[in-house]
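The structure is shown first.

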Amino acid sequence: MKLFVSDGNPHCVKVLAVLEFTGVKCDVKHVNHEERVVPYLSRPALPALLLPSGTHLFSPNSICQYLIELNGQESSDIVNQWLEWEATELQPAVMQALHMVVLQGKGADTPRVLRGPLSYLDQSLSQRTTPFLTAEMVSVADVVLWAALYPILSDSSLVSGNQTLQLWFERVGMLAACVSAVQTVLQGKGLKAESLKTYLQRQPTTHHGQGQVQGRGTQPCNSPEGGGDDDCVLSEEEIQSAVVTWGKGLTDLPMVPERQHPILPQEGKRNVLVTSALPYVNNVPHLGNIIGCVLSADVFARYGRLRGWNVLYVCGTDEYGTATENKAREEGLTAQQICDKYHAVHASIYQWFQVDFDFFGRTTTKKQTEIAQNIFWRLHERGFLLEDIVEQLRCEACQRFLADRFVEGTCPFCSYPEARGDQCDKCGKLINAVELREPTCKVCSQTPVVQSSKHLFLDLPKLEAELEQWLERSTGSGDWTANAKQITRSWVRDGLKPRCITRDLKWGTPVPHPDFSDKVFYVWFDAPIGYLSITANYTDQWEKWWKNPQQVELYNFMAKDNVPFHSVVFPCSLLGAQDNYTLVNHLVATEYLNYEDTKFSKSRGVGVFGDMAKDTGIPSDVWRFYLLYLRPEGQDSAFSWVDMATKNNSELLNNLGNFINRAGMFVSKFFESCVPAMALQQEDKRLLAQVGWELKQYINLMDRVKIRDALKCILNISRHGNQYIQVNEPWKKIKGDETDRQRSGTVTGVSVNVACLLSVMLQPYMPTVSHTIRQQLNAPPSVTGTLLQGTGNFVCSLPVGHHIGTVSPLFQKLESEQIESLKKRFGGQQPKTTAQPATTPASDPAAQTAVNGADAERARELTLAVAEQGEKVRTLKGQKAEKTVIGAEVTKLLELKKQLSLAEGKDPEPVLTKGKTTAQPATTPASDPAAQTAVNGADAERARELTLAVAEQGEKVRTLKGQKAEKTVIGAEVTKLLELKKQLSLAEGKDPEPVLTKGKKK
Amino acid sequence: MMALRELSSLEKSLGLKNPNKYSTQGDKKVPVLHSNNGPALVGLVTIATHLVQEAKRPELLGGSAEHKALVQQWLEYRLTKVDGCHKDDIKTILKDLNSYLEDKVYLAGNQFTLADTLMYYGIHHIIVDLVIQEKEKHMNVTRWFDYVQHYTGVRHHVPPVVVLRNRVYTSGHH
């Protein structure tokens, strides 16, 4: 056994004192702080004890307990309790205090963070009759706590009051073991020990410890599910620089010029060309298509414009190909008519989603033919095209070659009669269409014939070396998403093969070569050229964008299935053409968006398609927000109606909307719509720095196209803002004396400026909401361009005296009925999967217990309920709430306690008679599964869930009330609470009426 | 609330028939156990340890002195490192646990203990959020987590997490 300790580390005082105290035999080795003794921890941790089994202990308290245990003493509940308190409450406070006192040289007084823990300890000691914490004799708890406090309490200047504590501290300190441990580790010097300072300097400033000691419990109700986003530890310098920035105002920042078409690259500007994958014309795009390309690219383009970059965003419909021809046949139109019809459908969908293209074109244009044929000839002249013979099935009746999926026949492997041209559905083997037995054309059912046809191939192997060189440069310097790099790498790694670029079709760009006059270009060769031709339709000077890699940065947005065409095949076409083309610098690919854990499917009617979104009555901005919130970055994500409602109600309504609305309302209600004077105090400065930090993060993330993560920064800012308002209570202070009123003014002024900043940061995501906020705040036009320059400038953009407009709520609640009906409407014929946990009574041990001893189960629930209610009453009393209110809650508490006694089999008082006249539950909607279960009988499992739900909802209501939230908001939550209580009564097999009437009277 | 749920689940899994009275104290909602025979107990680990003794299941606190210390250590780790951890800390937690569990079935060796139960409850929200690739990267943690969630009577108030048994990503690439 070996104990490793380091100099100056107060934790080592603990273990050395206990080691000597117990007299256990053990080698002690002194190492330095950086030594990684415990092999399984990534950061050095000392002290550490190497156990006989070869395992290491790294927790000082556990080491102490182990040594005591070896000495034959068992630790009791009370010892455990003190050790737990030391680790969770005292230690974080001590570390923070030491940090302040020793490293920052602050505090001639007891550091504030320590006051609570010290007086708690003092009180606990005074209530005891024993000289030590747990008994007449000193215990491991005494030594551990004493050692933890030694550096602080040995300095007389830091101690005030707490006399019992002082006496105990001296008593423990007289133990020989303690004296020598302090001598060994801290040279008997306490706070002034150099070694302590060195030790503290080596400690990483942990995020918790700092943020959470004060942070918890003051979180507003709308904190996110994850919680714990108390992120940055702000230094004094950061705060100072935030204040300086704030003071600059809008004046000395450059303006962003208006957009003027045609947009062309400019010398000395960052010229950014943004494309999104061209949507195929014959399908209505679904939400996955929208988020994958056009919407993501739109957010980035809008952001770039705000940043003052010279951005051009082009996109259009991809219109050539077999699928269009087929669709035309289905609808009895010409291919051109189909394209015209669906191009308009696409354009109007994107317009509704507010996708702000600089130009939205199409591929069936003269420019497309010109540019595609030009590239073709250049490739041909330079020897990058090969000829080869391909055998294909041709239907003489239809007068065309059959694409793989338009032919059916008998599988050559398993004789399945309905095998497709590319794959057999039965045996799953891949099939070459010409190998099918008895092939038939799916359109006319005639038998096709095999015909040889000459085709052209792009010689990718010949371009491979050049491609790899370029890839290395582009992926090294640009922001390629991980999936884009990975997919590309696997393509190149497997070796490139020549790819056919021609097709025997009519609807396509004609191949200009006389030997191939009846052929057109295959879509994958043709479609990416659409980016160029669409730009050419936008401006004659398109080559300034597309043949200008020196000045232009190209961003391609797409879903991951499109990556190889943009990273390998199209770049090869352009490289081979040798015409100084602009190649992609940043390839941004998303994963897939699913629909409620299944796939979008037009044929099954599953999912939301672009043209239906507006019929839902949910604003375009909310759609944008939710899609961007779940943008599949890094992994697939799933659209869910319930989640959409939750995000709308929690993030938009309660967090973002609530903050912006309050800030504006305070200005208009308390200060006659004029921004009040602001005298910044430390707390306000801290907020400025916090907001500035989030803004910086936002810019960092957006610059690297981390669109979803950047959105979280916006929500963090409004969360900080809500908390700031909550703590400072400007609505109360406005009624106070002069100082209070000034304070109210400062908080309001700072808040409304944060709201103004948010309006700008929101612009790429929610353009209409952003515009509305700026209108409500009457924000100067220059804010949009100036706040996001450089690394971000959170300046005071609404100065003292600025007159704001009329403030009104920004978001509406999405009700669950509304969401349920939308879910049904777009659910297709799929059986609805309910989100009920699948616990069958037979297999769940908990439920079994409930059946065996329903009373014990019931008693447990009631115990929780009593605890909750008791807490509630205490809180109310603590807040000096009105007597009637407290009275009502006490009645409830007594009621619960009675029920508990009953459940525990004690004196049955006449409580039950009260509500049991007619035990017929009120008519419940048949669709409500909860109610149904309840009618079937008391379901213990369900009741337990509901008990917890009621307790939680109650907590939520209390918090809201405590924060003086708006009445309507509280009202809505109270309604939910009553509903839950009703369900609980039902689940317990009781008449719900008494509960309901109780809640209603007032 | 979370702590109370955990204790309630623990009572059930220990088969304790007489429910205890709880409340919470302070901003952090530290659980408090009110008992008829003795002073109130404060703190999740303290109360959980007490319940295990009450249920006469001392083996859940570790058989030998060494195992007892390991159980205590990981219970403390759960409270001080896992609870309320910052998102930057998650990586470290997973990495450290993963290398610790490399040659162990449970946190205190080959015996299932209270440390496993409470660590499981505490780390559940982290594991739920892991993508398959991350789960595979921390294979030992995933394996341990899957054992514990299938250990009789442990999983009560938290939903199960799906663990794939075959690897999707080949090792060496990540």
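## Interface of chain A and chain B

In this predicted model, chain A and chain B bury about 4,900 Å² between them, and 54% of that area lies on carbon and sulfur atoms. Chain A gives 55 residues to the contact, and chain B gives 56 residues. The size of an interface is often expressed in this way, as the accessible area lost when the parts come together.

Across the interface of chain A and chain B, 3 salt bridges are found by the rule. In a salt bridge, the side chain of A:E89 meets that of B:K28, with an N to O distance of 3.9 Å.

## The side of chain A that touches chain B

The elements of chain A that give two or more residues to the side touching chain B are β4 (56-57), α2 (60-70), α3 (77-103), α9 (207-215), α31 (845-852), α32 (854-878) and α35 (940-962). The largest share of this side, 10 residues, is given by α32(A). By residue class, the side of chain A that touches chain B comprises 17 nonpolar, 19 polar and 19 charged residues.

## Sheets in chain A

An open sheet of 4 strands in chain A has the order β9-β8-β13-β14, with antiparallel pairing. β9 (400-401) and β14 (499-500) of chain A stand at its edges; each has a single partner strand, so one side of each is left without a neighbour in the sheet. Within chain A, strand β8 (residues 385-395) is joined to strand β13 (residues 449-458) by 10 bridges, and the two run antiparallel. A:L386 has A:F457 in β13(A) as its bridge partner.

Strand β10 (residues 407-410) of chain A pairs with β12(A) over 3 bridges in the antiparallel sense. The bridge partner of A:T410 in β12(A) is A:R437.

## Confidence

The model scores ipTM 0.93 and pTM 0.56. Chain B has a mean pLDDT of 86, with 93% of its residues at 70 or more. In chain B, confidence is highest in helix α3 (residues 65-82), at a mean of 94, and lowest in helix α6 (residues 132-137), at a mean of 84. Where pLDDT is low, the predicted coordinates should not be read in detail.

Methods:
Residues numbered from 1 in each chain as written. Chains lettered and ligands numbered in written order. Predicted model: local features only at pLDDT ≥ 70, side-chain atom pairs only at ≥ 80, totals over all residues. Heavy atoms only, no water. Contact = heavy atoms within 4.5 Å. Buried area = accessible area lost by both parts, 1.4 Å probe. Salt bridge = Lys/Arg side-chain N within 4 Å of Asp/Glu carboxyl O. Nonpolar A, V, L, I, M, F, W, Y, C, P; charged D, E, K, R; others polar. Pairing = 2+ DSSP bridges. pLDDT = per-residue confidence, 0-100.
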